[in-house]
Amino acid sequence: MAPVPYFKLNTGATAPAIGLGCWAGFEQKDRDASKQWILSALKAGYRRIDTAWFYGTEQAVGEAIKESGIPREEIFVVTKLSWHHAYGREEEGINSSLERLGLEYVDLWLMHWPQAVLYENNDPLPKDENGNLKINHEADFRKTWAAMEKIYQSGKARAIGVSNFSIKNLEILLKDAKVTPADNQIELHPYLVQEELVQYCQSRGIAVTAYAPTGYATVRADPTIVALAEKYGASPAQVILAWHVARGVHAMPCSKDPAHQAQNIDLPVLAPADVARISALDKGKRLCNAADENGKVNGWTLEQLGW
Ligand SMILES: NC(=O)c1ccc[n+]([C@@H]2O[C@H](COP(=O)([O-])OP(=O)(O)OC[C@H]3O[C@@H](n4cnc5c(N)ncnc54)[C@H](OP(=O)(O)O)[C@@H]3O)[C@@H](O)[C@H]2O)c1
């Protein structure tokens, strides 16, 4: 077993390869309760925290950091400009995130999605009469990126990046970008290996971060994963996270369980043949953000997303 390595970003900063995902669900009571498990992760040794405006856990993250007594500069804090508030509200987005976090800067600030949702009274998921998410069709992620670049220059975000971007949308963004994204956070696990996108990003200095990194109980129960877990004397989650690290991919597992939290930052080092065995499990299957019955994900078609 080995401790979590630090990976270098294109800004020159380093970040722990494994961080704590801080999605706590939609219920306010669960969001309020998140401070305790975020604190337990910090005490267990986590030094990277992944939150977002949309998660409603920024305040809990800030309180947990303060209560942990760990110096601010030792913790790599990531938050996201929510697509709901993104368009034309970027400055307000970073300022309100920093206020909730109680911090002067974040280490990485991500554009949560390439698409934007209409801003309606702070509603995170504004829907039309048919229950469809209201998309802002005027929005242009290149303009959002330009605004984020200015905020990066101000120092409020020490690195900026994107999330849920495909090669297609990265090509569009990179054409005008003055700052290359430091990171692209995408759904990634052994059933969704995305080798081409990972290579594309890494060859351009864009770090890749995995969300839904363990692939939930579905992937953790895969017979190959279970067999490898036995071989390495580790849990299935540890084997999957070690596979991400072996690919040079950052991963943000979410766990409220102190035993799981401890496992997820103490990983085996996999033999290259075992890394290849896990990559061969690919099914191109999205388990977190699969298309809905209209073939859309958060209001965009798979074609618009470039998925
Ligand atoms: N950018 C985006 O659009 C986006 C989208 C989705 C998620 N995310 C980020 O990615 C993070 C993680 O995503 P996720 O929660 O969907 O996926 P995940 O971390 O792969 O799965 C979380 C589940 O795995 C369990 N788990 C974690 N470690 C385990 C272990 N060692 N053994 C057994 N079970 C374990 C957790 O249960 P216990 O609590 O019982 O351990 C929880 O039920 C989120 O919190 C968020 O930060 C980003």
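**Close-up 1. Ala280 sits in a loop of this predicted model.** The loop runs between helix H12 (272-279) and strand E13 (296-297). Helices (H or I, at least four residues) and strands (E, at least two) are DSSP runs, numbered from the N terminus. Ala280 counts as exposed because its relative accessibility is 63%. The classes are: buried, under 20% relative accessible area; exposed, over 50%; partly exposed, in between (1.4 Å probe, protein chains only). Ala280 and Ala52 are 228 residues apart along the chain. Their C-alpha atoms are separated by 32 Å.

Residues are numbered from 1 along each chain as its sequence is written, and side-chain values use heavy atoms, with hydrogens and water left out. Because this is a predicted model, local features need pLDDT of at least 70 and side-chain atom pairs count only at pLDDT 80 or more, while totals for chains, interfaces and linings use all residues.

**Close-up 2. His112 carries a UniProt annotation.** The unreviewed entry labels this residue "binding site". UniProt positions are given in the numbering used here, feature names are shortened, and annotations may be inferred rather than shown by experiment. His112 lies in the loop between strand E7 (108-111) and helix H5 (141-154). Is His112 buried or exposed? His112 is buried, with a relative accessible area of 6%. Leaving out residues up to four places away in sequence, His112 touches Ala52, Phe54, Tyr55, Lys80, Leu81, Ser82, Trp83, Ser163 and Asn164. Contact means heavy atoms within 4.5 Å.

**Close-up 3. Eight strands form an open sheet.** The order is E4-E5-E6-E7-E8-E9-E10-E11, and the pairing is parallel. Two strands pair if DSSP finds at least two bridges between them. Strand E4 (20-21) and strand E11 (250-251) are the edge strands, each pairing on one side only. Inside the order, strand E5 (residues 48-50) and strand E6 (residues 76-81) pair in the parallel sense over three bridges. Asp50 stands opposite Val78 in E6. Strand E6 is mostly covered: six of its six residues are buried. Helix H4 (residues 90-101) lies across E6 and E7, running at about 140° to E6.

**Close-up 4. Helix H2 (residues 58-68) meets helix H4.** Two packed helices are described by the angle between their axes and the distance between the axes. Axes are lines fitted to C-alpha atoms, for helices over the stretch in contact, and angles run from 0 to 180 degrees between N-to-C directions. The axes of H2 and H4 come within 7 Å and cross at roughly 45°. That makes H2 oblique to H4. Angles under 35 degrees count as roughly parallel, over 145 as roughly antiparallel, 65 to 115 as roughly perpendicular and the rest as oblique. H2 supplies Glu58, Gln59, Val61 and Gly62 to the contact; H4 supplies Ser97, Arg100 and Leu101. By class, this contact has two nonpolar, three polar and two charged residues. Ala, Val, Leu, Ile, Met, Phe, Trp, Tyr, Cys and Pro count as nonpolar, Asp, Glu, Lys and Arg as charged, and the others, Gly among them, as polar.

**Close-up 5. Helix H9 (residues 223-232) packs with helix H10 (residues 236-246).** Their axes are 8 Å apart, at an angle of about 95°. H9 and H10 are therefore roughly perpendicular to each other. Ile225, Leu228 and Ala229 of H9 make the contact with Pro236, Val239 and Ile240 of H10. The contact has six nonpolar, no polar and no charged residues.
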